[in-house]
Amino acid sequence: MPAFLEKRSIRYPFYGLIGVTVVLLIVLLLYNWILSLAGFFAMFIPLYYMFVVDRRQRKEMEDYIATLSYRVKKVGEEALLELPIGIMLINEEYTIEWANPYLSSCFDEDTLLGKSLYDVADSLIPLIKQEAKTEVITLHDKKFRVIHKPEERLLYFFDVTEQAEIEKLYLNERTAIAIIFLDNYDDLTQGMDDQMRGSLNNLVTSILNKWANDNGIFLKRISSERFIAVFNEEILHSLEKGKFSILDEVREMTSKQNTSFTLSIGVGTGVSSLPELGLLAQSSLDLALGRGGDQVAIKLPNGKVKFFGGKTNPIEKRTRVRARVISHALRDLIIASDKVIIMGHKNPDMDSIGSSIGIYKVAQLNQKDAYIVVNMQEMESGVKRMMDEIRHQEKLYSRFIGPEEALEIATDKTLLVVVDTHKPSLVMEERLLNKIDNVVVIDHHRRGEDFIANPLLVYMEPYASSTSELVTEFLEYQPKRGKIEVIEATALLAGIIVDTKSFSLRTGSRTFDAASYLRAHGADTILVQKFLKEDVGTYIKRSKLIESVYFYHEGIAIAKGSEQDFNDQVIIAQAADTLLTMNGVTASFVISKRSEELIGISARSLGNINVQVIMEGMKGGGHLTNAATQLTGLTIEQAEDQLKQVIEDYLEGSTKE
């Protein structure tokens, strides 16, 4: 049957046409048999021709398909063997059962047949074991995108070396912007004559210009204390490897002139938009200054931040003018609210409770109701003794509420004041941050990348000894509508004493001013000592930790507890403090289990080693001389190994600088 008759839409009309023609010819036969016979011949000749032509075309088509099939098969074989795509079949023991010649040439082998992946490409083993679908790996100085077909145990290799090089070139050539700030320029040059100021300016400018020329950086001074630098990400990676040694260079060179300038650098990188780079650079600089200056902050578009430097203690830059301005701003916010809720961090210490009581007093002096959020089950022994004393003061004690009650009484006009922390993950009740829009943050810790979102007012002073010191200054500028009670002044003084280790660490002139103000308002030092007393059991636990001490490097002492002993954070911190008082110890680290799943590490130093940077390397934080972290899912030995590695990285970086 001709091909076109295989379609029903054509076949039936065609049969109908032939049938009608035959009928007409039969009728014609009755009248004129000659014409009828001629008609039959006329009809059968084209039909016969049509069938002959169709048979010939079918034969030609079959021959063409047979030829095409052969060609396709041949091309398939050619593609399998000659295309620049690697193909590999493996068995369950990771032995190569077959590989095309192109892949063999990539491995510089005549054949890969029978070889084990462990011998020729062990980097493929994790990909196969994890049953990953695709991944880019490096083999013999080339990069391949490997597509894995687990069911067939088949691997395809696409050479993406050139693509990877282009991507690397693009990333390296992307622009980065840095804002360089002279932290203490105004303070140091205030009393200088023009000649001395000009000499120092020339010195700093020449140091920075030489650094810029050596590293291929465009540098421009835009004000007396501010520079802007433009470079690419390849140069940035080089500066990171050198740990931004320009910080130490400026500090050391200027110190020879009996002054000591320090730099803060904010870097914007990771995006192609220049306005966005500028915003990232300014945000990074604000972060570096908020952590005390003398360091570099590099903020990435995903919110991650890298820090370098921060080796010196922050220089006290606070002024009473700023304290007064912040105090008045806080007063205005309190007056505009219906009530004030005050919240510190989890497992509150003396400073957290003391500063909370201070803010409560500020609200009371402005005739507003205030409540302090605490969890009575999460308190160390010293804070419990303070709370026992506060319990005798019914008016004050009634203002301490639990997190659930705080959530119930919070309204749209409530003001939430967060003290002694700025990290959402550390506050007493994170749900309060989500419920209350009006938030104030008051803290003395160096600013980290995790920060409470959209606060109305932020007062962060890493130069202060404690948050209690900051709050005490607020009290001096509030309305004198009532007196500060003895227990309130004592709680604030206890916060200062605990955070300064009895005025021995991070203590400035303003610290003594605050302590003097509190003492004048009845703060009881004997009562503070009562709060700080410890029992014999605590002393024995701390001594047991100290007993395990050993020196990892010169001046670096590490002590650790056993897997069976649990100690609270206070004991761990006290052990680190005690170690620091011993001869030959410049930095101490104490590791102990706090619960079955939680390990705490406390770090202390005399200032030569920045324990904040070390603890940040373990997802913790703190100050230059006082820091800590918490780890989960590790053993004591694993935590110790991780700590040693971070210390090695820190010391190696310091040596390079």
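His148 sits in strand β4 (residues 142-149). Strands here are DSSP runs of E, at least two residues long, and helices are runs of H or I, at least four long, numbered from the N terminus. At 4% relative accessibility, His148 counts as buried. Buried means under 20% relative accessible area, exposed means over 50%, and partly exposed lies in between (1.4 Å probe, protein chains only). Not counting residues up to four places away in sequence, His148 touches Leu127, Ile128, Glu131, Ala132, Lys133, Leu154 and Leu155. Contact means heavy atoms within 4.5 Å. Glu131 is 17 residues from His148 in sequence, and their C-alpha atoms are 7.4 Å apart.

This is a predicted model, in which local features need pLDDT of at least 70 and side-chain atom pairs count only at pLDDT 80 or more, while totals for chains, interfaces and linings use all residues. Residues are numbered from 1 along each chain as its sequence is written, and side-chain values use heavy atoms, with hydrogens and water left out.

Ser327 belongs to helix α12 (residues 320-335). Ser327 is buried, with a relative accessible area of 0%. Leaving aside neighbours within four places in sequence, Ser327 is in contact with Phe474, Tyr477 and Gln478. Ser327 and Val471 are 144 residues apart in sequence, yet 8.7 Å apart in space, C-alpha to C-alpha.

Next come two helix pairs. Two packed helices are described by the angle between their axes and the distance between the axes. Axes are lines fitted to C-alpha atoms, for helices over the stretch in contact, and angles run from 0 to 180 degrees between N-to-C directions.

| Helix pair | Angle | Axis distance |
|---|---|---|
| α8 (residues 194-215) and α10 (residues 246-255) | about 150° | 10 Å |
| α13 (residues 350-365) and α19 (residues 486-499) | about 145° | 8 Å |

α8 passes α10 in a right-handed crossing. α13 passes α19 in a left-handed one. A crossing is left-handed if the near helix is turned anticlockwise from the far one by less than a right angle, and right-handed if clockwise.

The buried residues of α10 include Ile246, Leu247 and Asp248. Those buried residues pack against α8, β9 (263-268), β10 (295-299) and β11 (305-309).

The largest nonpolar core has 53 residues, and Leu330, Ile359 and Ile442 have the most contacts inside it. A nonpolar core is a set of buried Ala, Val, Leu, Ile, Met, Phe, Trp, Tyr and Cys residues joined through side-chain atoms within 4.5 Å. Apart from this core lies another, of 32 residues, among them Ala176, Ile246, Val250 and Ile265.

Two loop residues have positive phi. Tyr94 lies in the loop between β1 (86-90) and β2 (96-99). Its phi is near 65°, a positive value in a residue other than glycine. Tyr94 is buried, with a relative accessible area of 16%. Asn347 lies in the loop between β12 (340-343) and α13. Phi of Asn347 is near 50°, again positive in a residue other than glycine. At 41% relative accessibility, Asn347 counts as partly exposed.
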